[in-house]
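I opened the model today to look up fold, packing and core. My notes follow.

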Amino acid sequence: MKKLILIRHAKATHESGYADFDRPLKQSGMQDALMMAEVLKDRSIVPEIVVTSPALRTLTTAQIFTEHLQLQPSQTNIKIYEASESALVNVVNNLPNEYGYIGLVGHNPGISQLLHYLTGQLRDVPTCAMALISFDNDDWRSIGNEDGHLSFYDSPKG
């Protein structure tokens, strides 16, 4: 059984002067990421590893989660940045099979689209929202359309 927690990056600045890839988190975004990492810790639903887009806002979000949850530093995958639904499905299908529970930190609209594709559920996915999807599959390569069950969802908005 595989588990995937989708995490949308925390709130980032929209100030001019930053390329999209280099937008940093706002202070409120850092606080939200810490709060949501604590939610996972309190519920004992901590992933084994975290894979993230290398954009600054996702990388920083992932770093807050990995440090708070005492995980190894996150792995980056450029294919997550500005990824379409099909690109993210490909990322999921190529996750390292030795891990049963992986966190994936990415961007919208891709994270929302992936959640819908994997579970059939339409959800609003605000910044720093988390969606835990459980699969009966034992191989990441076999995961496809509506194979997952949404077993936990939360966001800083409540």
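Among contacts in the chain between residues at least 6 apart in sequence, what percentage joins residues at least 24 apart? I found 74%, with contact taken as heavy atoms within 4.5 Å.

I noted the ground rules next. This is a predicted model, where local features need pLDDT of at least 70, side-chain atom pairs count only at pLDDT 80 or more, and totals for chains, interfaces and linings use all residues. Residues are numbered from 1 along each chain as its sequence is written, and side-chain values use heavy atoms, with hydrogens and water left out.

I looked up the elements. The chain has four helices and six strands, as DSSP runs (helices H or I, at least four residues; strands E, at least two) numbered from the N terminus. From the N terminus I read β-α-β-α-β-α-β-α-β-β.

I checked burial. Buried residues (under 20% relative accessible area, 1.4 Å probe, protein chains only) make up 53% of the 158 in the chain.

I then turned to the nonpolar cores, sets of buried Ala, Val, Leu, Ile, Met, Phe, Trp, Tyr and Cys residues joined through side-chain atoms within 4.5 Å. The largest has 26 residues, and L4, L6, V92, I102, L104 and W140 have the most contacts inside it. Elements giving two or more residues to this core include strand 1 (2-8), helix 3 (85-93) and strand 4 (101-106). Apart from this core lies another, of 23 residues, among them I7, M36, F65 and V105.

Beyond its neighbours within four places in sequence, L6 contacts L104, I111, L114, L115, A129, M130, A131 and I133.

How values were computed: Buried means under 20% relative accessible area, exposed over 50%, partly exposed in between (1.4 Å probe, protein chains only).
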